Each structure stands twice: as structure tokens, then as C-alpha cells.
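The following questions and answers are intended for a reader meeting this structure for the first time.

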Amino acid sequence: MNVVVCVKQIPDPAAPPALDPGTHNLVRSGKLILDDSDAYGVEMALQLVDAAGGGEVTLVSMAPNGETSGLRTALAMGAAKAILVSDETLAGSDALGTAKVLAAAIRRAEPDLVIAATESTDGYTGTTPVQVAELLGLPSVTFAKKVEVDGQTVKVERQTEAGYDEVTSPLPAVVTVTAGVVEPRYPSFKGIMAAKSKPVDTLTAADLGLDGSQVGVGGARQEIVSVVEAEARSAGEVVVDEGDAHERVIQFLEQLKIL
Amino acid sequence: MQFTEEHEQFRQTVRGVVERSIAPYVDEWEEAGSFPAHQVFRVLGEAGLLGIEYDPAYGGQGADHSYTAVLGEELGRIDCGGVPMAISVQTDMATPALHRFGSHELKERYLAPAIRGEHVASIAVTEPDAGSDVAGLRTRAVRDGDEWVVNGTKLYITNGTQADWLCLLVRTSDEGGFRGMSQIVFPTDTPGFSVSRKLDKLGNRSSDTAELSFVDARVPVANTIGQVGMGFQQQMAQFQNERMIASYLAVGSTSYALERTEAYVRQRRVFGAPLLANQSVQFRLAELRAEVELLRQFNYACAEAYVRGEDITRMASIAKLTAGRLARSVADTCMQFHGGIGYMEETWVSRYYRDARLLSIGGGADEVMLRILARMDGLDTGL
């Protein structure tokens, strides 16, 4: 079974993020790392391929620069190869633009299953995977907390607020996985060294038949009009126990409609 | 030492494993007085961290020693001394001689499971009457046909209550002194072996330390590591790995302690200004950071010499001596700069203070390092 995992390389969340004052976009010119939320998808894919007894995991990613550090991490985990779409015309792409690029790249890999995280850790739109599914004409199942493949179908336990739904879908399909679907492995030294020689196929938008009217700033249908500072959190209320603390805590929780 | 992108990725792997599988449990393990070595070592084994330099034929990673330096520095950032010590006993104290001198069968049976993290290993050298003075050890193995019959006692043995096997140094002849010793892989399910007691220590509490007893315990002569009678020499070589990893760990732990102390003196206000506004505080931190950097670079020089195959006895002894003394200075300064809160168990400082003290004692005390250096430098007059 061949699985494509959509992965995003993002600025290290441990470092303070910076916004471009002109475009309001996140500055992504420096070193990029594998989005932590994608490690779950990579691990899930590796386990599914292993369980199927054959096939390989291909990474598909888009980056405005030719950065591959994050891809190397996923390759070191065990993915076989990567397709990186990297092109200046992609800068300023919105979620749909990104989905067009990813969908075109995924088509080349002809996968049995496409896996993505529910959302990225830097953008948080959570829309790209379902747009990819739509563009590819594939069914999509989101928020998977468990994934099993049985022949030509994928069985998913889909996280809901109340519990989970059991969903079965024919393959190929797009499945988004939550953190916690599996425990991602860490790349070993052997994995890290092996990743050095694994192929990363670097493509431009034009290679995929896309131009500046469809992707990048020119193709974007979303515009970030302004950015404002998040409101500072106000100090919490301290409940001093004078014998009635439990009642006051319950009252407070009822106000929040938690109870 | 030339560090590459691969070293950085490997560092992230170690850091990730520590953050996910060790850091959240350290307080609990310190409280309990031991940590679940088998459970933790399985995780480390799966990430390939227990046999970095070892032959891939036995499950090792086949990396060069520079990656061990990275491993040590990162393990040193664990918020206690016990767990990093226990891990490095497995990787750099109990197994190097087996890898270097052991037979293929012995490596398949004991090294491979230790690399996978299925076996926990201990290094059993110290005895009630022989620690720094290794030549004085008395535990004896007498040959009876194809077996060694072991009698004696070992003391202060890290991982001692949980170990599946020991790298045991014993007398196998009456030659005396450093002659006539052998290293034996000793499985702890051998009849006649027992853990006499688990020891209560000042620090490194998350790591179990034991006194071990051997009464007519029989192990195959085939379990001898390398040559019969060469145990002392083989152990001396193994001690070099122990001293190098101890110095790498010290760079990690002192760096981390100084980072946290810096953060504290920046935010702690005294007499209307941050504590760091005092030049005496700035200078002390700058001085200690400089000393850590010197040790780090010296460690790298030592690691390079080791990779080149040189005898690193002198360098490893200098590194270990320096590391022990530096750890004590850093711990003392961190405690002083934290003041009363640092003396409380609720902060990391008190644990660090007591854990750091061990480095000048274990793995060859400062005085043993000085004795080696005095002898190598021709200062020992022999009188």
C-alpha cells in the first residue's frame, strides 16, 4: 500500500514568531522544521504500510524556499521519498492555493491513501486537507483517532465532542489524524543517515501545470486585512476557602456553563 | 570536532525522547528511590540510543564517538543525576568491554538485548574494601571444570537491584595486585547471587544502588569477557569510556543549571532591581559559563583523539577531574543565587546540589584522577 503524507515545514515554534508587516504573513525565510502535528501522520502511515506488508510512504510538501530540514526528519523516521513543491510564485498562497499545489503533487504519487494532520501548528486553518480531497475527488474523513486499512476500505474512529464515530470509507481517501492517533517514533542515527540519500523531488508550480493566477498572492482569495495583538489575559479570581469555597467554585463553573 | 546537520537531528531525537518519556516522571522516580529501568531502556533502545557506537550486527547504530558526546550532553539536561547515570552505566560503563573484547556468542546473548533495552546491565567493580584502589579487590572466581565459582561482595552498584547481568570484575588467580583479574558477564538469575540491600544515598535518588552478594555462584567460563587474567587492563580501558561520558553529562547538566539560574536572577528583584544587576552576579555567571565552555571544547578534543584511536587516559582523567570540580562550583553558585528558595525541595536547585556532588567521587574520585595524572606526568617519586 502506498501512502502519501502531507507535511508542512514551519518556523520552530520554540522561537518567537515574526509577522511580515507588509503582508501580515508569518516570516518563513529561516530554518524550517517538521510541524510536530505531522509526525503523527507520518507514524500512522509507516505503521499502515508495515501492517499491509508492503508499499511505501511518500511525503508531499510545499515551501516558499527550498528548505528540506523538516522533510529530512520525516524521511529519517522512515518515509521513502518526498515531493517538495518550492517556488517563489507560491509565496502568499492561501489555504486553497496550497491545496491546489498539494493535490497536483499527490496526483503524481498515485496513492492508496492520503494522510494529513487536522491542522498546521502555524496557520491553524484546518481547511487544506478537505480542499485537497475535494480537488482530487476523493472522500475525506477528518479527526481520526484510530485508522485501520482492510483491503480496499479504511476504517476510522472519528473523534467527536461526545466520543467518536466509526466511519468506513472506500480507498483512495484523505484522512486527517489527531495528535494521539499513534505515538510517533524518533529518528535513530541509522534513520538520520539513511535519510541523507533518500530522494527529494523538487518541483515548481509550473511543473504541476499551475501558474500565478491560481496560486500564490495572485491566486489567493483570502487577504489578511489587519493583525491586532491578542488581548492580554486578565488575572484569575482567587477563591479563598472560608468554608463555602466549594459552593463558589460550583457557582463559577455553572456561570461558564461547564456544569 | 565537526558537528553536522545529522548531529543536530540526533540531538533533537535525544531531546525528544527525554521530554516525552523521562522528564514528566523524574519527580515521581526521585520520590520512589528508583526508576523503571526496563521500561525506560526499551524506549531508549527503540530510538537506537543504547548502542550508538556498537556494531550493527548486534543492533548497534555504527556511529562514531562524536554522537556519544551529543548523547551525554543531552542526557545531562535531565532534571536529576540518577537517570542519566543509570543510562550511561548501560551505554558506556557496563558494555564497552563486552563490545570490544567479548566473543560473538557472548555479544549475541548479552550485548544485543542490552542495546535493544531488554536487558539492564550493571558494572560491578567496587567492593567494601576496594573502590578507587581497584587492585585491592577480593571477590574471587575459582575455576571448576567449565565453570567459575564466584564468592564475594560488590558495593555501590548502580542499577544493582534491577540488572539482568553484571560486567563483573573478579580475581581469577592469586597473582595479586592488578594481575590475575578477569571480567565476567554474570547473569543475576544465577543461584548464589543476591541483592543484600538497596542503599540510601544523599543524591541521585531516582537511580537504585545496591550491595550485591555472591556465594558459590556458578557461571560458565565461556562468560569471560576477552582474556582470562586481563580483566584489570580491560576494565581500565572501559573506565576511559566512563570518564568521557561523565564529562559529557557534566557539560549538559552544568549548562542547564546555569541557564535556569540566569533566568531566575533576571526576574528575581532585590533592593529594587533584578539580582542580575549586581556585577558580582554577572561576573560569577560569566566565569562559570566560560569554564563550562572550556570543558565542552576539551571534551571534544578528547573525543576526537578517541576517534583517532589514541590513548586518551590523560585527557579523560583531566576532563573527569575538571567536570567534578566544576559541577560542585556550579551547584554551589546556583544554590547561593537562589537563596532560601533554592534550599527548598520544591525547586530543582536542592536536588541538583546534592546530585552534582557525586561526580567528584564516582567513576574514579578526584584524587584518583590526580594520582593518574601525577604518575603520567612523572611527578610520582614512588617514595
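Q: Is Asp211(A) buried, partly exposed or exposed?
A: In this predicted model, Asp211(A) is found in the loop between S11 and helix H6 (216-219) of chain A. Its relative accessibility is 40%. Buried means under 20% and exposed means over 50%, so the value for Asp211(A) places this residue in the class partly exposed.

Q: How many Å separate Asp211(A) and Leu90(A) in space, C-alpha to C-alpha?
A: Along the sequence, Asp211(A) and Leu90(A) are 121 residues apart. In space, the separation from C-alpha to C-alpha is 9.1 Å.

Q: What percentage of the contacts in chain A with a separation of 6 or more is accounted for by residues 24 or more positions apart?
A: Chain A holds seven helices and 11 strands, and its C-alpha atoms fill a box of roughly 70 × 50 × 40 Å along the principal axes. Of its 259 residues, 40% are buried. Among contacts with a separation of 6 or more, the share from residues 24 or more positions apart is 71%.

Q: Which are the edge strands of the open sheet of nine strands in chain A?
A: The order of the sheet is S9-S8-S7-S10-S6-S1-S4-S5-S11, with mixed pairing. An edge strand pairs on one side only, and this applies to strand S9 (164-170) and strand S11 (200-203) of chain A. From one strand to the next, the twist averages 30 degrees. The edge strands are therefore those at the two ends of the order, S9 and S11 of chain A.

Q: Do strand S6 and strand S10 of chain A pair in the parallel or the antiparallel sense?
A: Strands of a sheet pair through backbone hydrogen bonds, either parallel or antiparallel. Strand S6 (residues 113-117) and strand S10 (residues 173-177) of chain A are joined over five bridges. Within this pair, Ala116(A) stands opposite Thr176(A). The sense of the pairing of S6 and S10 is parallel.

Q: Is the peptide bond from Leu171(A) to Pro172(A) cis or trans?
A: Most peptide bonds are trans. Pro172(A) lies in the loop between S9 and S10 of chain A. The bond from Leu171(A) to Pro172(A) has omega near -5 degrees, and this bond is cis.

Q: What is the value of phi near which Glu110(A) is found?
A: Glu110(A) lies in the loop between helix H3 (95-109) and S6 of chain A. With 65% relative accessibility, over the cut-off of 50%, Glu110(A) counts as exposed. Most residues other than glycine have a negative phi. Glu110(A), however, has a positive phi, near 45 degrees.

Q: Is Phe271(B) buried or exposed?
A: Phe271(B) lies in the loop between strand S9 (269-270) and strand S10 (273-274) of chain B. Its phi is positive, near 50 degrees. Because its relative accessible area is 86%, Phe271(B) is exposed.

Q: Is Glu30(B) buried or exposed?
A: Glu30(B) has its place in helix H2 (residues 26-32) of chain B. Leaving aside neighbours within four places in sequence, its contacts include Arg205(B), Arg351(B) and Arg354(B). The relative accessibility of Glu30(B) is 7%, so this residue counts as buried.

Q: Are H8(B) and H10(B) roughly parallel or roughly antiparallel to each other?
A: Two packed helices are described by the angle between their axes and the distance between the axes. Helix H8 (residues 231-267) and helix H10 (residues 313-338) of chain B pack with axes 9 Å apart, at an angle of about 20 degrees. Their contact has 14 nonpolar, six polar and two charged residues. Since angles under 35 degrees count as roughly parallel, H8(B) and H10(B) are therefore roughly parallel.

Q: At roughly what angle do the axes of H10(B) and H12(B) cross?
A: H10(B) passes helix H12 (residues 366-376) of chain B in a left-handed crossing. The contact has seven nonpolar, two polar and five charged residues. The axes of H10(B) and H12(B) come within 9 Å and cross at roughly 145 degrees.

Terms used. Residues numbered from 1 in each chain as written. Chains lettered and ligands numbered in written order. Predicted model: local features only at pLDDT ≥ 70, side-chain atom pairs only at ≥ 80, totals over all residues. Heavy atoms only, no water. Axes fitted to C-alpha atoms, helices over the stretch in contact; angles between N-to-C directions. Helix = DSSP H or I, 4+ residues; strand = E, 2+ residues; numbered from the N terminus. Parallel < 35°, antiparallel > 145°, perpendicular 65-115°, else oblique. Nonpolar A, V, L, I, M, F, W, Y, C, P; charged D, E, K, R; others polar. Buried < 20%, exposed > 50% of the residue type's maximum accessible area, 1.4 Å probe, protein only. Contact = heavy atoms within 4.5 Å. Left-handed = near helix turned anticlockwise from the far one by under 90°.
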